[in-house]
Amino acid sequence: MQTTPGERLVHDYLRQLERAMRDLPRGSRRELRADIEAHLDDTLRSDPSEAQVRDALDRLGTPEEIVEAERERLGMRPAKAGWRETATVILLLIGGLLLPLVGWVVGVVLLWGSRAWTVRDKLIGTFVVPGGYAGTALALTLGVSSSSGSSSCPTPLDGARAVCRQQASGGSSTVTTILLVALAIALLVAPLASGLYLLRRARPAPDAGHGAVPSAI
Amino acid sequence: MEPGRPDRDTVSQLRRGVLEYCVLALLRDDERYAVDLVHALSGVDGMVTSEGTLYPLLSRLRRDGMLESSWRESPSGPPRRYYRVSRAGRSALERFSAEWSRFRSSVDGVLEGRV
């Protein structure tokens, strides 16, 4: 079956809706999706043009807005990266450096105890990278010591070591070095990326209405 | 805080507060199906910015017993959910209408310096 651009737009919209609803209870997820789908089915009958589809979706508003309204209805706190979430992410990243192992474990406990994240977020936060930057440091230290151990250079003088190793072992080792460097970069970037991801996920979707909610009333 | 922000927040909070009574009022005389109701509301100037956010409101009103709904076959296309106002919804609407006209004339009075 051929999908028209309009159908694809609706499909993408509904997928985005599903993603935005991830932390809602299953009952309201199903109901909201059914309501929105019925709305679209009803609005877009008999082979609508792409412009009509775009127009209908614009009028519906973004999935994030709709889900925010549902969250409000359920009385769910708009998940926001407050000091607690920020502290959790910091501990996950560098807690293990400040207080070996313990710092990171405290971060993990805070992460799993928080309601600002879904299980998937928590899994990512825990396993990318275990130990945070302490884990990265450990992996890098192990990696460097094992690769310099296998080096055929007889006198590993500090500055000359890398050069010496490269010259000694030739082509296949260059590939290994490149892979190791890539791995090292990945290990350096991954904790930061997962930390930023957690901070972003703990916040509601960007929306002009948020930020300064008056406390009065 | 950006200038202009507080105004918009105030207006959107006001709107949020009265929106559910507008839903009840639109259903006062007739039952309507969801899309019809949503389009009627979004046709009112300044009332609704995104139609989709009305669905959570409709579920809340239904769960609070202000609205009743039932699915019905439509002459063309998939079945539709029809909404009508319940007895509780009707009396909530009457109370609000009385309160609202008092509130409106008080605010107008203050704003126009008649107090």
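How many bridges join strand E1 of chain B to E3(B), and do they run parallel or antiparallel? I note at the outset that this is a predicted model. I find 2 bridges between E1 (residues 32-33) and E3(B), and the two strands run antiparallel; within this pairing, B:Tyr33 has B:Tyr82 as its bridge partner in E3(B).

I then turned to strand E2 (residues 67-72) of chain B, which is joined to E3(B) by 6 bridges, again in an antiparallel arrangement, and where I see B:Ser69 standing opposite B:Tyr83. As for cover, I recorded that E3(B), spanning residues 80-85, has 5 of its 6 residues buried.

My next entry concerns H5(A), whose 16 residues place the end C-alpha atoms only 19 Å apart, whereas a straight helix at 1.5 Å a residue would reach 22 Å. I also looked for a bend in H5(A) and found a kink of about 55°, centred on A:Leu92. A:Leu92 is itself among the buried residues of this helix, which also include A:Glu85, A:Thr88 and A:Val89.

Is A:Leu98 buried or exposed? This residue lies in helix H5 of chain A, and I class A:Leu98 as exposed because its relative accessible area is 62%, where exposed means over 50%.

Finally, I looked up the nonpolar surface patch of about 900 Å² to which A:Leu98 contributes, along with residues including A:Ile90, A:Ile94 and A:Val109. The elements that give two or more residues to this patch are H5 (83-98) and H6 (102-113) of chain A.

Note on methods
Residues are numbered from 1 along each chain as its sequence is written. Chains are lettered from A and ligands numbered from 1 in the order in which they are written. This is a predicted model: local features need pLDDT of at least 70, side-chain atom pairs count only at pLDDT 80 or more; totals for chains, interfaces and linings use all residues. Side-chain values use heavy atoms; hydrogens and water are left out. Patches are made of residues with over 30% relative accessible area and no salt bridge: like charges are joined within 9 Å, nonpolar side chains (Val, Leu, Ile, Met, Phe, Trp, Tyr) within 5 Å. Accessible areas come from the Shrake-Rupley method with a 1.4 Å probe; for residues, only the protein chains shown count as cover. A salt bridge is a side-chain nitrogen of Lys or Arg within 4 Å of a carboxyl oxygen of Asp or Glu. Helices (H or I, at least four residues) and strands (E, at least two) are DSSP runs, numbered from the N terminus. Buried means under 20% relative accessible area, exposed over 50%, partly exposed in between (1.4 Å probe, protein chains only). The expected span of a helix is 1.5 Å times one less than its number of residues. The bend at a residue is the angle between axes fitted to the seven residues ending there and the seven starting there. Two strands pair if DSSP finds at least two bridges between them.
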